[in-house]
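Welcome! Take a moment to look over the sequence and the model, and then we will walk through a few of its parts together.

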Amino acid sequence: MQVAILGAGTMGHGIAQVSAMGGHDVRLRDLETEIVEAGLDAIESNLDGGVERDKLTPSEAESARSRIIGTTSLPEAVTGADLVVEAVPEELPIKHDTVTDVEEHVDPDCLIASNTSSLSLTQIANALNRPERAIGLHFFNPVHIMDLVEVVVAEQTTEETIDTATDFVEGIQKTPVTVADSPGFASSRLGVALGVEAMRMVGEGVADPRDIDTAMELGYNHPMGPIELGDVVGLDVRLDILEYLREELGERFRPPQVLKRKVRAGKLGKKTGEGFYVWDDGEVVGVSGSGGGRDGAQ
């Protein structure tokens, strides 16, 4: 299968990597050469790490590398593709423009998938002339490690599209779960609900972020606590999702003030070096000393 990934950021280059590891020919596209090269470098680093940890043989890593081509050209990326996965920013107008542009260059039977974590897939599909081929493939970060993929079904999606998408997910050694198109799907809705309550607890002075995370990691066997996960995902992303879910589902998803203050201050988590935690070279080195305090008025 020929696969095109649009967006070479954290999610995009991860999807490109696992697609190539699954034996598919991959074209990774972004708007700027520097972003594409950074994505390819990240894939190279992940593959090297897999070899070092005996998760991959050197020949398997080299084979995956050889299947990935980077480009800034949309026609070059998607022409002839069997599957296109967009991993562009979580803004509906951007996704609409992206899938509309894609449809001009692909064959009628090409699947067009979105990696959206919360936006309405049915609305994204509405931009297509052939919306029945739209599907959600919601991967999780880090893509090369996390096993789950949500296969999100729009109102227009056909059973044939669902079957093809599910076969693709299983073929790259991931576990698909099929969910209906609803706000936040299954994982984002549940994950954000836990994360927002953890943030409220920080804002109210219930416990230190590290203690809240440790409680969930050791008490509930979560691989990463909800506060740290928010920092990894990006607090601006968390805020956008919460505002969308609040609009769709009500006040229980109202963003807490402590989160709003962090985002206003540009403390977005791991990607900026500080969120609820302080980060250095991708690792937590401390707890942020500002943006907390009691903030019971949510």
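A nonpolar core is a set of buried Ala, Val, Leu, Ile, Met, Phe, Trp, Tyr and Cys residues joined through side-chain atoms within 4.5 Å. Keep in mind that this is a predicted model.

In the largest nonpolar core there are 32 residues, and the ones touching the most other members are I5, L83, L137, F139 and F168. Helix α1 (residues 10–21) gives this core its largest share, five residues. A second, separate core has 21 residues, V78, A81, I112 and L128 among them.

Now let us turn to helix α2. The 20 residues of α2 (residues 33–52) should span 28 Å at 1.5 Å a residue, and the end C-alpha atoms are 29 Å apart, which agrees.

| Side of α2 | Residues |
|---|---|
| Buried | V36, G39, I43, N46, L47, G49, G50 |
| Exposed, on the face turned away from the buried side | E34, D41, E52 |

The buried residues of α2 are covered by elements including α1, β2 (25–29), α3 (58–66) and β3 (68–71). After α2 comes D54, with a positive phi near 60°.

Finally, the record: an unreviewed UniProt entry lists residues 2–181 as "domain: 3-hydroxyacyl-CoA dehydrogenase NAD binding". In the model, this span is 42% helix and 22% strand, with its end C-alpha atoms 26 Å apart.

Note on methods:
Residues are numbered from 1 along each chain as its sequence is written. This is a predicted model: local features need pLDDT of at least 70, side-chain atom pairs count only at pLDDT 80 or more; totals for chains, interfaces and linings use all residues. Side-chain values use heavy atoms; hydrogens and water are left out. UniProt positions are given in the numbering used here, feature names are shortened, and annotations may be inferred rather than shown by experiment. Helices (H or I, at least four residues) and strands (E, at least two) are DSSP runs, numbered from the N terminus. Buried means under 20% relative accessible area, exposed over 50%, partly exposed in between (1.4 Å probe, protein chains only). The expected span of a helix is 1.5 Å times one less than its number of residues. Contact means heavy atoms within 4.5 Å.
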